[in-house]
Structure formats: C-alpha cells, structure tokens
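Dear colleague,

Please find the structure below, handed over for your study.

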Amino acid sequence: MFATLLSVSLLALSQTAAASTAFEEKCLAFRPEKYIDGATRNVLQYVTAGTTLTFPDNDVTCNRASQAVSADLCRIALSIKTSKSSNITFEAWFPEDWSGRFLATGNGGIDGCIKYEDLAYGSLNGFATVGANNGKNGTTGVAFLNSPETVVDFAWRSLHTSVETGKKLSKKLYKESHTKSYYLGCSLGGRQGIKSAEKFPKDFDGIVAGAPGVDFNNLVSWRARFYTITGPSTGPNFIPATAWKTWIHEEVLRQCDTIDKVKDGIIEDPALCKFDPSTLLCGRNTTANCLNQNQVHQINTIFSDYKYPTGQLIFPAMQPGSEINAVDRLYAGAPFPYSEDWFKYVVFNNPLWNASTFDFLAVRAAELLNPGDIRTYPSELPGFERRGGKLLMYHGQQDNQITAFNTNRFYEHLRGRRSYESMDEWTRFFRVSGMFHCNSGPGAWVLGQGGNAAQNGIAFDRQHSVLKAMVDWVEKDVAPQYIEGTKFVNDTVSLGVDFTRRHCKFPARNTYVGGDYKKPSSWECK
C-alpha cells in the first residue's frame with residue numbers, strides 16, 4: 001500500500017515538474033515583440049516562486065528596487081511606442097497556474113512607477129497581470145515639459161495600451177483567450193480605472209477603484225492651495241507638525257471620536273464631525289498648546305469646501321482625522337510636489353512658475369486646459385453599465401492626500417436622480433473607517449486592495465478581498481453587501497489580528513449596536 005502511494009506521489013511530482021518545464025520552455029521561446037506594433041523587448045524570463053526580482057534600472061524615486069515573487073510565472077517587459085514622440089514601459093507577469101482571468105494595475109500620484117507589488121499580488125492569485133509606467137519614469141513631472149503626448153499617455157493611453165497589449169500576449173502565450181478582465185488601482189490608479197470605464201467601456205468587466213482622484217484638474221488645484229493657506233514653514237503663523245500630530249489631532253478626537261459611541265481613535269464617519277478649532281484659541285485655551293486667531297482661521301479654511309468667490313464649488317473640504325499624516329505633505333509649509341510639478345510642466349509649461357502665486361486664475365487655467373482629457377468626472381457611464389460592467393469604489397475615511405468627501409460627491413454625481421437600488425446593480429462604494437491614503441491607519445484597512453505585505457495575512461475570498469469580491473460579483477452575480485477589513489497588531493501579520501470591521505455600502509454608515517467594539521457583530525450598517 002505504501003509503495004503504491006509513493007509511486008502515485010512520485011508520478012504526480014513528475015507530471016508537475018514536466019508541466020513546469022514545458023511552461024518554462026514556452027515562456028523562453030516566446031517572442032512578444034512580434035505581436036505588438038512599435039514594441040522592443042527589454043526582458044523575457046521565467047521566474048520561479050520564491051524569487052526576489054531586482055530592478056536596477058528602475059527610477060530611484062519609485063522606491064521599488066526589488067519585489068518578491070510567489071508564483072511561477074513568465075515575465076515580459078517591453079518598450080512600446082505610443083506616438084512619434086512618446087512610449088511606455090510595459091510589464092506582464094503571466095502565471096503558470098492561470099485562472100483564465102486578466103488583470104491590469106494602476107499607478108499613483110503623478111508618477112511613472114510600475115507597481116510591482118500589485119503584479120506579484122495578481123499573478124499569485126492566478127491573474128495574467130500587467131502594468132505600465134504611464135509614459136515616464138519616476139515621480140516628478142519634468143518629463144511632461146513640452147511633451148503633450150506624454151501627458152496623453154499619463155491621462156489614459158498608457159493603461160489602454162497595456163490592456164490591449166496584455167490581452168493579445170496572454171492569448172498568444174496561453175493559446176486561449178481570457179475569460180474575464182479586471183482592473184485594480186488606487187488614488188491616481190482609481191481615477192485611471194474610472195477613466196477607462198468612461199473612454200473604453202469594453203476594456204474591463206470589473207473595476208476596483210480606491211480613493212479615486214476624479215475631477216483631477218480641481219484636485220490638483222485643491223492640493224496646490226494648501227501652501228497658500230499654511231504659508232512657508234518659516235512663517236509666523238505656521239502650525240508645526242508636532243502640533244498637528246499631537247494636541248490638534250487629540251482635540252479632533254475629543255470632539256468627534258465618540259460620535260459613533262465608541263472611543264477607539266477612529267472617526268467612523270467624518271461627515272458627522274463638525275470640528276470647532278476655536279476651542280484651541282489662546283486665551284480661551286489657557287494651556288501652552290494653543291493657537292492664535294490666524295492659525296484657527298487656517299484650520300477652519302482647511303476643513304471648509306474650496307470655492308470660487310461666486311460660491312461655485314471647486315473641491316470638497318478635507319475631512320477631520322486626516323491631519324496626523326496630511327501634515328507631512330499638504331500642511332508641511334511647502335508646495336505639494338505633485339501639484340507644483342503639474343502646474344509647472346503641464347498647465348503653464350514653465351519650469352519657473354512659482355507655487356506661491358497660485359490663485360483662482362490658475363484653478364481656472366487647469367480646468368479649461370484639461371490636459372490629455374484627464375479630468376475624469378463623468379455623470380454617467382452608459383457604455384460600461386450597458387455591457388454589464390461592475391464598479392467597486394472604496395475610500396479611507398482618514399485619507400491624507402485626497403479628501404474622502406470627494407468620493408461621496410462623485411458617487412452622488414454619478415447617481416444623479418437614480419435610486420440607490422438602481423446604482424447597486426452596477427456600482428457600489430464602501431467607506432473604510434480609519435484608513436489613510438489607500439492603506440495603513442488605525443482602522444481595519446487591509447482589504448486585499450493591492451500587493452503590500454499585509455495582504456498576505458488574509459484569505460483571497462469575497463469577505464476579505466475587494467478584488468475577489470469583484471470577481472464573484474462579475475462571475476457569480478454575488479454583489480458585496482460590505483467589505484470586511486482586517487487590522488493586524490502594529491500592522492504586522494506575524495503579530496496576529498487586532499480586530500476586523502465590516503465597512504458599509506454607501507450611503508449606509510457603520511453603527512455601533514453594543515458589545516465588544518472590536519468584533520464585527522457589534523456594528524450594523526444602517
């Protein structure tokens with residue numbers, strides 16, 4: 001009996017090894033550049049699970065020098081011409097154990113950084129996964145100067161090109177077409193997914209868009225404005241980071257943490273928080289931790305909608321609770337780098353533009369120019385909806401780079417006069433309490449939303465992963481009613497789970513109903 005079992009096991013191992021050898025040979029014999037116009041091959045390699053890839057040519061500002069790979073795969077890197085004066089760097093990670101699904105990944109900021117961690121995450125879970133550098137390398141905007149075609153790549157063409165390329169190459173390599181097509185991105189990546197649904201509704205069956213940077217031109221202006229509010233870090237009324245991170249944040253929590261009946265350092269719904277900074281005014285506040293009148297005005301301005309003098313909305317207010325991280329960039333007493341570069345190298349095409357001169361004329365200039373058609377603020381997505389496409393959005397409620405209130409606004413803009421029930425058929429939006437920008441924070445923020453290390457601590461199922469929730473919605477017609485986030489102790493998987501929480505489908509909010517607040521059963525969506 002033992003001998004029989006041993007021979008069966010050895011046979012299975014032999015067959016597995018033979019299959020891997022066959023896939024490796026097929027990968028290394030592949031010539032992807034033959035199938036893509038304007039393509040030059042940079043890399044073709046078979047990568048075994050457990051390998052840590054290094055990227056010596058990757059721009060140092062991308063902070064992605066290496067990536068651990070957890071699946072046997074065929075890696076392809078191409079340079080693809082997108083016009084006479086522009087090109088993209090494209091990566092495809094095609095796993096040997098392929099589910100038949102295709103996945104495209106997004107970018108962030110104004111960067112040209114391929115998210116190798118998302119390629120690894122997608123390929124580990126059986127997706128033929130692709131990414132691209134958005135037409136440029138690194139996180140600065142210098143490459144946009146005098147290069148409108150690069151701006152077009154950044155706005156939409158890079159993603160669409162990578163989708164078309166990836167689908168064609170996966171069909172050639174696997175000898176069969178993909179079954180369903182998905183997208184995963186956050187921040188700029190969230191905007192990219194929604195732009196794709198608007199402009200190329202057939203590209204994806206399901207789109208997961210986190211913290212989407214929609215209404216992009218006004219978002220860039222909103223960010224640029226903070227320097228004019230705070231002034232330089234050397235100014236007499238500048239509020240230092242230590243104040244924001246400690247006693248100002250503590251006062252925000254004192255006023256708003258327990259609105260949800262639980263004192264846990266998390267503002268469950270910041271839309272209910274009407275923070276009054278005047279309690280910190282020197283004289284009224286007799287401690288050393290007090291603010292002058294100008295500083296109180298700064299905070300009121302930050303937590304108010306940004307409007308033209310006519311009252312027309314430019315962009316919603318920053319949400320309270322975000323200050324502990326927002327101070328590192330938006331309130332740092334220096335121009336926000338992404339906005340400064342966008343105005344210098346795109347809007348005004350002038351490297352000498354001074355961020356301290358930012359005003360309403362600059363806001364209007366950015367919106368009227370709408371470079372590369374980047375705005376991305378559709379009031380409907382008829383082509384995508386009509387073909388049965390599904391859109392899942394999420395946004396951290398302590399986001400420190402894009403106010404969470406803008407996604408509330410965008411959802412309602414997209415809904416128009418329709419009922420929430422009608423929207424539920426194809427679009428669902430989840431507010432994630434205690435999440436910073438796309439990840440991290442005091443809340444249950446691990447959602448299977450990308451390739452950072454914490455995602456390895458949760459199951460790839462629809463309860464815990466937004467990507468798998470999308471797959472089941474598209475393929476099984478099982479729509480997510482909530483997304484359950486996980487918080488690890490000190491955000492370290494090896495230390496175990498601290499708590500989980502079910503994040504509600506908008507417009508419902510999480511409501512504490514009693515018991516241990518760390519248990520999901522102690523909350524209900526109402």
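A salt bridge is counted where a side-chain nitrogen of Lys or Arg lies within 4 Å of a carboxyl oxygen of Asp or Glu. This is a predicted model, in which local features need pLDDT of at least 70 and side-chain atom pairs count only at pLDDT 80 or more, while totals for chains, interfaces and linings use all residues. Residues are numbered from 1 along each chain as its sequence is written, and side-chain values use heavy atoms, with hydrogens and water left out.

By this rule there are 29 salt bridges. One of them joins the side chains of Glu198 and Lys195, at 3.3 Å from N to O. These two residues are three apart in helix 4 (residues 188-199), which means that about one helical turn separates them. Helices (H or I, at least four residues) and strands (E, at least two) are DSSP runs, numbered from the N terminus. Lys195 is buried at 3% relative accessibility, whereas Glu198 is partly exposed at 34%. Here buried means under 20% relative accessible area, exposed over 50%, and partly exposed in between (1.4 Å probe, protein chains only).

Asp215 and Arg409 form another salt bridge, with their closest N and O atoms 3.1 Å apart. Asp215 lies in the loop between strand 9 (206-210) and helix 5, and Arg409 in helix 12 (residues 405-415), so the pair ties together parts 194 residues apart in sequence. Both Asp215 and Arg409 are buried.

A salt bridge of 2.7 Å, N to O, also links Arg509 with Asp269. Because Arg509 is in the loop between strand 15 (497-504) and strand 16 (510-512), and Asp269 in the loop between helix 6 and helix 7, this pair ties together parts 240 residues apart in sequence. Arg509 is partly exposed, at 32%, but Asp269 is buried, at 7%.

The next topic is the nonpolar core, a set of buried Ala, Val, Leu, Ile, Met, Phe, Trp, Tyr and Cys residues joined through side-chain atoms within 4.5 Å. The largest one has 55 residues, and Ile248, Tyr331, Trp342 and Phe343 have the most contacts inside it. Helix 5 supplies the largest share of this core, eight residues. A second, separate core of 45 residues includes Leu44, Ile76, Ala209 and Phe410.

Which residues does Phe343 touch, not counting those up to four places away in sequence? Among them are Val220, Ala224, Trp353 and Ala366, where contact means heavy atoms within 4.5 Å.

Yours sincerely
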